[in-house]
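Keep the sequence and the 3D view side by side.

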Amino acid sequence: MRDLRAHYGPWALVAGASDGIGAAFAHKLAASGLNLVLLARRAPLLETLAGELRQAHGIETRTIVADLTVEADAERIRADCEELEIGLLIYNAGATHGAATFHDKPLESALALVELNCRMPLRLAHAFGAKMRARRRGGIVLLSSLASMSGGSHTAVYNATKSFDMILAEGLWHELKPHGVDAMCLMVGATRTPSMLASSAAFADYPGLMEPADVVAEALAFLGRGPMCVAGARNRAIVRHLLPNPRVAQINGLSSATAGIYGKPVIDVSGEDF
Ligand SMILES: NC(=O)c1ccc[n+]([C@@H]2O[C@H](COP(=O)([O-])OP(=O)(O)OC[C@H]3O[C@@H](n4cnc5c(N)ncnc54)[C@H](OP(=O)(O)O)[C@@H]3O)[C@@H](O)[C@H]2O)c1
């Protein structure tokens with residue numbers, strides 16, 4: 001396995017680290033020797049996890065208690081990380097819990113999801129990605145969902161925000177790869193996380209349900225190889241059916257078209273499809 005600390009260390013920021021896939025990222029990255037900034041809303045869970053990881057792996061940790069739907073928290077996150085060299089940003093928080101039609105929920109709940117899944121990852125990717133680009137090394141992982149593949153009733157806003165994450169990650173992959181920074185969309189299907197188990201009893205035996213540690217192992221093995229990792233063979237088969245065109249060729253093609261129109265250099269970036 002690659003030396004993750006050498007590629008993406010010395011610090012990683014996991015946004016949404018207190019349980020599920022985010023905590024699994026924290027465990028795997030700590031085992032690889034990266035120091036961790038663990039961020040979520042529930043302080044006790046973060047402190048317990050940080051203590052466990054320090055003891056098990058001898059790494060350094062910081063915890064940030066923040067709400068990623070609150071714009072003002074972005075500045076505090078940046079300030080708390082100011083003197084750390086963050087080489088890897090994992091933007092994990094972002095599930096929707098339960099199902100209701102757009103008009104049966106207050107507008108504020110849709111706007112909070114846009115803040116959580118679109119505006120905050122933009123802010124953090126902009127702030128931390130700029131430093132990575134200047135250092136010519138680093139990685140940014142944005143989590144998306146199979147729900148991003150189309151619109152759908154009862155999760156209309158969630159699906160739309162997760163499409164945003166996928167398309168943003170692909171664009172950042174093309175822009176940053178020539179600067180030595182690996183951006184990637186991590187496309188996730190049904191996964192056994194506390195949030196999802198709490199949101200519906202049907203989740204417990206959902207077909208193809210993945211374990212967080214398996215999602216993370218696939219993601220970290222793929223990081224640096226291409227713009228999109230789809231975790232799980234079953235999920236890959238679904239996404240290949242829904243997105244039959246090779247993504248790398250498509251991203252290069254669209255980037256070339258834009259470059260041609262605006263007189264920018266045409267850059268072909270090589271990478272693997274999921
Ligand atoms: N689980 C699945 O089946 C599934 C399927 C497809 C895609 N995904 C994607 O995988 C990612 C993780 O999903 P998940 O099921 O683990 O649930 P989640 O509800 O996104 O929770 C993940 C982590 O994010 C934190 N978090 C959530 N909202 C936050 C906020 N407003 N501010 C700060 N931290 C916040 C949670 O901790 P706190 O509560 O302590 O803040 C938790 O540590 C999401 O992006 C989701 O879209 C999951």
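**From a loop to the sheet and the ligand**

His154 sits in the loop between S5 and H6. The model is a predicted one. The phi of His154 is positive, about 75°, although His154 is not a glycine. Is His154 buried, exposed or partly exposed? Its relative accessibility is 42%, so it counts as partly exposed, since that class lies between the 20% and 50% limits.

A second residue has a positive phi. Arg136 is not a glycine, yet its phi is about 60°. Arg136 belongs to the loop between H5 and S5.

Now follow the chain into S5. Ser144 is part of this strand. Ser144 has a relative accessibility of 4% and therefore counts as buried, the cut-off being under 20%. Its side chain makes a polar contact of 3.4 Å with the side chain of Ser148.

Next, look across from S5 to its neighbour. S5 and strand S6 (residues 181–188) run parallel and are joined by eight bridges. In this pairing, Ala183 of S6 stands opposite Ile140.

Step back to the whole sheet. In what order do the strands lie? The order is S3-S2-S1-S4-S5-S6-S7. These seven strands form an open sheet, and their pairing is parallel. Which strands stand at the edges? They are strand S3 (61–65) and strand S7 (228–230). Each has a single partner strand, so one side of each has no neighbour in the sheet. From one strand to the next, the twist averages 15°.

Strand S1 covers residues 11–15, and five of its five residues are buried. Trp11, Leu13 and Ala15 point one way from S1. Ala12 and Val14 point the other way, and all are buried. Strand S2 (residues 35–40) runs parallel to S1, and five bridges join the two. Asn35 in S2 is the bridge partner of Trp11.

S2 is mostly covered too, with six of its six residues buried. Asn35, Val37 and Leu39 point one way from S2. Leu36, Leu38 and Ala40 point the other way, and all are buried.

Pro10 lies in the loop between helix H1 (4–8) and S1. The peptide bond that joins Gly9 and Pro10 is cis, with omega about 0°.

Another loop deserves a stop. Ala93 is placed between strand S4 (86–91) and helix H5 (107–135), in the loop. Is Ala93 buried or exposed? Its relative accessibility is 18%, so Ala93 counts as buried. The limit for that class is under 20%. For a sense of distance, take Ala93 and Ala233, which are 140 residues apart along the chain. Their C-alpha atoms are separated by 23 Å.

Go on to helix H10 (residues 247–262), which contains Gly253. Gly253 is partly exposed, with a relative accessible area of 41%. Gly253 and Asn117 are 136 residues apart along the chain, and 27 Å separates their C-alpha atoms.

Finally, move to the ligand. Which of the 31 residues around the ligand come nearest? They are Ser18, Arg42, Asn92, Tyr158 and Thr193. By class, the shell holds 14 nonpolar, twelve polar and five charged residues.

Some contacts can be picked out atom by atom. Asp67 has a polar side-chain atom 2.9 Å from a nitrogen atom of the ligand. Ala95 uses its backbone: an N or O atom there lies 2.9 Å from an oxygen atom of the ligand. Thr193 places a polar side-chain atom 2.6 Å from an oxygen atom of the ligand. How much of the ligand does the protein cover? On its own, the ligand has 850 Å² of accessible area, and the protein covers 96% of that.

Which elements give two or more residues to this shell? They are strand S5 (138–145), helix H6 (156–176) and helix H7 (194–199). S5 supplies the largest share, three residues. This brings the walk back to the strand that Ser144 is part of.

Definitions and conventions
Residues numbered from 1 in each chain as written. Predicted model: local features only at pLDDT ≥ 70, side-chain atom pairs only at ≥ 80, totals over all residues. Heavy atoms only, no water. Near = heavy atom within 4 Å. Polar contact = N/O pair within 3.5 Å; in protein donor to acceptor, adjacent residues only side chain to side chain. Areas by Shrake-Rupley, 256 points an atom, 1.4 Å probe, with all protein chains shown as cover. Helix = DSSP H or I, 4+ residues; strand = E, 2+ residues; numbered from the N terminus. Nonpolar A, V, L, I, M, F, W, Y, C, P; charged D, E, K, R; others polar. Buried < 20%, exposed > 50% of the residue type's maximum accessible area, 1.4 Å probe, protein only. Pairing = 2+ DSSP bridges. Axes fitted to C-alpha atoms, helices over the stretch in contact; angles between N-to-C directions.
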